[in-house]
Amino acid sequence: MRGGFWRSAGLIALRDLRVELRSGEALTVVFPFAVVASWIAPLATNASPLLLRDLAAPVYWLITLLFGMMIVLRQTALETRAQRRALALTGLDPAARFAGRSGASGLVLAAVAGTLILPVIIFYDYRPPSGGALMAPVIILAAAGLAMLGTLAGDVTIGLRARTSLAPLLMAPLAVPLVMGAAQSLESLVAGKSIITWVLVLVIADLGLAAAGVMSARALEEISL
Amino acid sequence: MKKRLLAVLTGVALGAGLVLAFTSPPDLLQGDFVRILYIHVPSAWLAFLAFGVTAAGSIGWLFTRRMSWDRVAEASAEIGVLFTAIALATGMIWGKPVWGTYWDWGDARLATTAMMFFVYLGYLALRRTTTDPRLRARRSSVLGTIAVVQVPLVYFSVKLWRTLHQGLTIRPDGIQMDGAMVSALLVNLAAFTLLYATLLIYRTALARMEEAAAAERVPAQSPVTVPRLREADA
Amino acid sequence: MPAGGPTRFSVSGAIPIHSKRVSHPPGQPASSALPLVDLVDLSVSLGGTPVLSGCRLTLRPGESLGVAGPNGAGKSTLLGVVATFIAPTGGSGTVLGAPLASPRVPAVRPGIGWSGHLPALYPDLTLGENLTLNAQLTGYPASQGQMVLEQVGLGAAAGIRAERCSNGMLRRADLARLLIGSPRLVLLDEPDAGLDQDAAPIIDHLIRKTTTRGGAVLCVSHDADKLSGWVDRVVEMRDGRIM
C-alpha cells in the first residue's frame, strides 16, 4: 500500500503502456491480424453487399472479443515469476497490480477496438448510425471489462502449460454480458432507441469484475509467486 | 452407514420417479414427449443447485482457506456439469418436436444454462491442469467467484435482449398441468435432489482420499545423483 | 572470513556507498535479539512431492548464513519459503516477526530483499526505468533507482534497455535492486552466477551493509567454499533437510 493504491496502480499501468509502446505487439502484430480476419470473413459469404452490411456489426464484435483476448493475454504473459516476486516484495497491493494491468490493457484494447471500425467501414460498406459517437463510452466500458476478465483469466492460469488455450476458454463464456451489452448498444443506436439499459449492463458487468478482481487479488498473488 | 442409507433412499426415490414418469398421462399437446420433462426439469434444477453450491464453496474457500470448501466446490461442479449436459441434451430432444427447433435463442434459461456449461467445463479443465491441491483451490476459487458475478447477468441480459426485441417463439408458459403430472414431476425433483446429495457426499469423500493418497506418495528423496561418467565410458 | 575490506570495494568508483544512508521504513533497533527468521520443523511439498522436510533455521540480527548443497537439495525452495513466496505445508515459521502464510506476511515484505536465478527485470524497459519503478513502488523517490545503479557500476548504462544488456549487467542491476531501501533481510540465490571479477565485491558489500545495520543475510549456493568467503556460517543441505 506504499504510496497509495492509485499511485501504485498508475505506476504499473505506466510500465505496461511503456512496454507496449516499445514492443508494439498489440498495435503492430495483433491489430494487423485482426484487420486480416475482418477482411477474410467476406470471402466466406460471397461478398453479397446486403449480407455484408448485416454482418458488419456482429463480425466487428466477434473480432474485438477474439483479438481483445489475444491482446489482454499477451500483456499478462509479460511478467516472469522473478518479476512478480520482486513486485510483491515492494509491498505492492495485489489489487493495485490488478487495477494497473487491467487499466493499461483496457486502454490498448479500446484503442485497437476503436480503430477496427475503419476496416469494417471499408470492407463491409458499413455506415455508422447517427449519434455513433455514443459508441465511444460503450467501447471503453466493454474494453475495460474484457481487460479485467482477461487479466483475471491470465492470472488464474499462470504457470500452466495449457495456459494459451485454457485462458481463452475460461474467458470467452464469461465475456457474454460484455459482448451483448456492447453489441446491443449499437443495435439500439441503429434502431434509434435509448442505449442506457445496455450501458447499464456493461457498467454492472464491469463493477462485478472489478469486485471479483479485488476480492481474489491476494489468492492470485499466492499462485503467481 | 448414514451414507449408505442415503444411497438406498435415493435408489428407491429414483425408481418411484421413473415409474411415475411412465405411468402419468400423456400431455394433450405434447403427447408422450412430456415425459422427457420429468428428467429435463430435475436435471436443470440440479445444474443450478450444483453451480450455486460451487459458487458458495469457492467464496467459502477464499474467506476461510479450508480445503473442505474446495472439495465441496469441486464435487458439486462435476455433478453440475453432468446434469447440465443432461438438461441441455434432453431440452434439445424435447424442443425439436414441441417448439420445432433444437435451440431457441429467445430463452434466457437456455442461454444461461449453455453458458454455465461452458464456464464449468473450463472450471474442470482448470482443475485438471493443477496437481497441487492448494494451488488448485486458489485457481478454481477465483474462477468460481467470477462466475458468480457473471452468470446472473447473462440471464438478465438475454431476458432483456428478448423483451426488447419481441418474443420470437411461442413459449409453453402457463400451461395447466394435470395432478398426476405434477406429482410425477415433484417426485422426480425430490429423487434427483437426493441423487445430488448422495453424489456430493461420495465425491467429497473421494476427494479427501485422493488428497491423502497424494500426500502419502513419497517418491525417492533425491532424484539427482552423482553422475557416473567413468562407468559409462567403460 | 569477510573476503574483502572496504578498501577492496571499488565497484561504484565515485560514490562511497556507506555515505548514502537511507532510512528503512519497517525499522526496528538493530540490537533486537528477536530472530529475523525462525523456522521450526518446516516442510514443503509441491504437488504431493516433499521438497523440504523438518527444516530448522534461525537467523538473528547481524547474522549471515550460507546454505550449500547439490542440485535438487531444496535450497531455492528454502529461500522461496523465507522470502514468503512459498507457503509451508508443515511446521511453522516466522519471517521478520510475521508467521508464514499469515495475513501479516504482506506487511513485512518490503523488508525482504531477494535475488533469484533469473534477474527480475523487464526487457523492454531501460535499467534506469526498471530500478526506478522498483524504488517508487517501495515508496522511495525515483532518484534512488539511478543511485543504486551507480553503486553497482552501471550509472552510465541506466538508459540502456535490459534486453540489450549482457547477463553480467543484468545480474548487477538485479543486485542493485536489493540496495534500494536497505532491506533487513537479504536472500541471495547463487548471487555470483554470471558476475565478473570486478562485480564480485558487490555481493560482499551487500552482505556487510545488511549485517552491520542489524539485518540478516541468507545465501544459497552449490559451492560451499565460495559461500564461506561471503558469510559467517555455512550449513549443508541435502534431500530437503538442513544438516
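Predicted model: local features only at pLDDT ≥ 70, side-chain atom pairs only at ≥ 80, totals over all residues.
Trainee: What is the secondary structure of chain A?

Mentor: Chain A has ten helices and zero strands. Along the sequence the pattern reads α-α-α-α-α-α-α-α-α-α.

Trainee: What box do the C-alpha atoms fill?

Mentor: Roughly 60 × 35 × 30 Å for chain A, taken along the principal axes.

Trainee: How many of the residues count as buried?

Mentor: In chain A, 53% of the 225 residues do.

Trainee: What about contacts within the chain, what share comes from residues 24 or more positions apart?

Mentor: Such pairs make up 85% of the contacts in chain A, counting those with a separation of 6 or more.

Trainee: Switching to the contact between the chains, how many residues does each one give?

Mentor: Chain A gives 29 residues and chain B gives 25.

Trainee: Which helices of chain A supply at least two residues each on that side?

Mentor: These are α7 (135-156), α8 (163-174), α9 (176-190) and α10 (196-224).

Trainee: Which of them has the largest share?

Mentor: That is α10(A), with 14 residues of the side of chain A that touches chain B.

Trainee: How do the residues on that side divide into nonpolar, polar and charged?

Mentor: On the side of chain A that touches chain B, 22 are nonpolar, six are polar and one is charged.

Key. Residues numbered from 1 in each chain as written. Chains lettered and ligands numbered in written order. Contact = placed C-beta atoms within 7 Å. Helix = DSSP H or I, 4+ residues; strand = E, 2+ residues; numbered from the N terminus. Nonpolar A, V, L, I, M, F, W, Y, C, P; charged D, E, K, R; others polar. Buried ≥ 20, exposed ≤ 12 C-beta atoms within 10 Å, placed from the backbone.
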